[in-house]
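Here is a short report on one protein model. Look at the fold before reading on.

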Amino acid sequence: MSNSGLFITLEGTEGCGKSTQAKLLAEYLQSLGHSVVLTREPGGTELGSKIRTILLDKSNSIDNLAEILLFAADRAQHISQTIKPALEKGQIVICDRYVDSTTAYQSGGKGLDSKLIKAVNDISGASFLPELTIVFEVDIETGLKRATKGGADRFELEDLAFHSRVRDSYREIARQEPKRVKIININGQSIENVQRSVEDVLKVLLNKRESIK
């Protein structure tokens, strides 16, 4: 990874507002003069968009192993075509979901073996881990109501127990990697307040990077 490039990922359960915050964060960083690439998983490339359609289509019945391998294929293409080139140019990459989603959803939510998840993540994305990951935590039922207003995708149709396990998995990831992963609880907060919290977390990282130059 380039020393000047910065990789940030935003994570969370359904309806947590991370996509909105990703756009706001990109705009904030651009206002500071940074070159920003805003992307997402799955779907950050042309191939990835096709994989995303397959993964989210509620009419598809996908084997759990096949599912995680589809995510890995999307990520491999995403790193090669979007993330790595941007970082090498010294740009800031903001990604809506990344390897932690695979851990939270496929291991935490669906119960796949953690060693398998780690192996897949290592192959597909370990060489490009984010420097900062922000996890947005929201009440599960509230988030699902927000997420499914326009209809539910394949993951949003999972039961509350599944989504609770996903949330718990995110908490465990943050516990294990407190330097990289920061949790922001958005319950009862306005979009503007959450945005300020994100900016505060980011400023700490940017100041730290500046001090070691």
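Two strands pair if DSSP finds at least two bridges between them. Helices (H or I, at least four residues) and strands (E, at least two) are DSSP runs, numbered from the N terminus. The model is predicted: local features need pLDDT of at least 70, side-chain atom pairs count only at pLDDT 80 or more, and totals for chains, interfaces and linings use all residues. Residues are numbered from 1 along each chain as its sequence is written, and side-chain values use heavy atoms, with hydrogens and water left out.

**The sheet**

Strand β1 (residues 6–12) pairs with strand β4 (residues 132–137) in the parallel sense, over 5 bridges. Within this pairing, Glu11 has Val135 of β4 as its bridge partner. Both strands belong to an open sheet of 5 strands, in the order β2-β3-β1-β4-β5, with parallel pairing. Its edge strands, β2 (36–40) and β5 (181–185), each pair on one side only.

**Helices across the sheet**

Helix α3 (residues 64–88) lies across β1, β2 and β3 (92–96) and runs at about 160° to β2. Helix α8 (residues 191–211) lies across β1, β4 and β5, at about 165° to β4. Axes are lines fitted to C-alpha atoms, for helices over the stretch in contact (heavy atoms within 4.5 Å). Angles run from 0 to 180 degrees between N-to-C directions.

**Salt bridges**

A salt bridge is a side-chain nitrogen of Lys or Arg within 4 Å of a carboxyl oxygen of Asp or Glu. By this rule the count is 15.

Arg75 sits in helix α3 and Glu41 in the loop between β2 and α2 (46–56), so the pair links distant parts of the chain, 34 residues apart. Are Arg75 and Glu41 buried or exposed? Both are buried (under 20% relative accessible area; exposed is over 50%, partly exposed in between; 1.4 Å probe, protein chains only).

Lys118 and Asp122 are 4 residues apart in helix α5 (residues 114–125), so about one helical turn separates them. Lys118 is exposed, at 52% relative accessibility. Asp122 is partly exposed, at 39%.

Glu67 is in helix α3 and is buried, at 0% relative accessibility. A network of salt bridges links Glu67, Lys110, Arg154 and Glu158.
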